[in-house]
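Welcome! Take a look at it first, and then we can walk through it together.

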Amino acid sequence: MANPIIAPFPSTRLRRMRRTANLRAMISETDLSAANLIWPIFVTEVAGAEGEIPSMPGVERLTLDGAKRAAEKAARLNIPAICIFPHSDQELKTESCQRAWDPDNIGNRAIRAIKETVPELAVMTDIALDPYNINGHDGFVVDGEIVNDETVEALVKMALAQADAGADILGPSDMMDGRIGALRAALELEGHKDVAILSYAAKFASAFYGPFRDAVGASGRLVGDKKTYQINPGNRQEALRCVARDLTEGADMVMVKPGMPYLDICREVKDRFAAPTFAYQVSGEYAMLEGAIRNGWLSRDAMLESLLAFRRAGCDGVLSYFAPAIAEMLA
Ligand SMILES: NCc1[nH]cc(CCC(=O)O)c1CC(=O)O
């Protein structure tokens, strides 16, 4: 960090350069554009489940057709990537989670539909068993324990099905140990050497995921919590070790999640590892801001400011449910 030289007042008046819009523009340090956005969407296979998610006002579960229209909208707004989260049939959730690697599960059908509609749009996926797991966990549950190595084997099958369906970027959000290395090796072996991995590397056991679990229909399902695999929110060093580990195992990009309460981690990850770094402004952050905006307690500028803050903290991009609204404001 440079050591700024400040002449004493009144030689230095920092307000001089804030006086007009053009002067302010000249010394603006951080930019935000649609290219910095990844848009997470929910796609449902359940008739009647489409439509607004009550805890995420303004965000809808989409049908496959809705997902295609979202892809076209993303392309029109210059958003480079869309991230698919499946809402699957509750009746078909099992302990063995076999639908997670079914080529025709709703996630994989959405990948294909979007790649057919807008081939140039980057499609990112979610790798974790929770949308297909009867107990809402990201891994297999055996005698009350979330088992690591067996889960990683299943995640590899899930990843290969997504890569076969045409995914550009895989997003392992499961927080099992050793999954990045296993995924990377399998992708190399199975002819998918160019499929990228954006690892949910520093993923904290957060209370801010609540609305997301409503959106994917996992809320009523989750037995216990995710503290045996997600990071304790107070643990900074452990988060950095996770990022180092995932980069060593072959992640192309890393993520910090949630976003706004963890901007210190974003900055530190970017400074230390100089790798493509993303943050996930998660469902609870969206709900807070959007709820306050809808009540007239905050202006829409709060949304833009929150995104700019991620950029200032060193993030190359942000997964945000605000992506289309922001891109429209910036256009
Ligand atoms: N695989 C689970 C997953 N993938 C993305 C999110 C949260 C995203 C959000 O809150 O917006 C979660 C929730 C969780 O870990 O329980």
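A residue is called buried when its relative accessible area is under 20%, and exposed when that value is over 50%. Valine 59 has a relative accessible area of 8%, so it is buried. Please keep in mind that this is a predicted model.

**The annotated active site**

- The UniProt record, an unreviewed entry, places the feature "active site" at Lys203 and Lys257.
- These positions are spread over 55 residues of sequence, yet they cluster in space, with a largest C-alpha distance of 4.8 Å.
- Both Lys203 and Lys257 belong to the lining of the largest cavity.

- You will find lysine 203 in strand S9, which covers residues 196–203.
- Its relative accessible area is 5%, so lysine 203 is buried.
- Beyond its neighbours within four places in sequence, lysine 203 is in contact with Asp138, Ser173, Met175, Tyr209, Gln230, Ile231 and Lys257.
- At 3.0 Å, the side chain of lysine 203 reaches the backbone oxygen of serine 173.

- Lysine 257 sits in strand S10, made up of residues 253–257.
- Its relative accessibility is 8%, so lysine 257 counts as buried too.
- Setting aside neighbours within four places in sequence, the contacts of lysine 257 include Tyr200, Ala202, Lys203 and Phe204.
- Tyr209, Tyr280 and Val282 are also in contact with lysine 257.

**Around the ligand**

- The ligand is surrounded by 18 residues, and the closest are Arg213, Lys226, Lys257, Ser283 and Tyr321.
- Lysine 226 has a polar side-chain atom 2.7 Å from an oxygen atom of the ligand.
- For glutamine 230, an N or O atom of the side chain is 2.9 Å from a ligand oxygen atom.
- Tyrosine 321 places a polar side-chain atom 2.6 Å from an oxygen atom of the ligand.
- Taken alone, the ligand exposes 400 Å², and the protein buries 100% of that.

**Helix H8 and its cover**

- Helix H8 runs over residues 263–273, and its buried residues include Leu263, Ile265, Cys266, Glu268 and Val269.
- Among the elements covering the buried residues of H8 are S9, S10 and strand S11 (277–281).
- Helix H7 (236–248) and helix H10 (301–312) are also part of that cover.
- After H8 comes alanine 274, which has a positive phi, near 50°.

- Valine 59 and arginine 300 are 241 residues apart along the chain, and their C-alpha atoms are separated by 16 Å.

- Alanine 323 lies in helix H11, which spans residues 323–330.
- Its relative accessibility is 0%, so alanine 323 counts as buried.
- Leaving out residues up to four places away in sequence, alanine 323 touches Leu37, Ile38, Trp39 and Ile79.
- Along the chain, alanine 323 and proline 131 are 192 residues apart, with 23 Å between their C-alpha atoms.

Key: Residues numbered from 1 in each chain as written. Predicted model: local features only at pLDDT ≥ 70, side-chain atom pairs only at ≥ 80, totals over all residues. Heavy atoms only, no water. UniProt positions renumbered as here; feature names shortened; annotations may be inferred. 1 Å grid on protein atoms, 1.4 Å probe; cavity = no way out; pocket = protein on both sides within 12 Å on 5 of 7 lines; lining within 4 Å. Helix = DSSP H or I, 4+ residues; strand = E, 2+ residues; numbered from the N terminus. Buried < 20%, exposed > 50% of the residue type's maximum accessible area, 1.4 Å probe, protein only. Contact = heavy atoms within 4.5 Å. Polar contact = N/O pair within 3.5 Å; in protein donor to acceptor, adjacent residues only side chain to side chain. Near = heavy atom within 4 Å. Areas by Shrake-Rupley, 256 points an atom, 1.4 Å probe, with all protein chains shown as cover.
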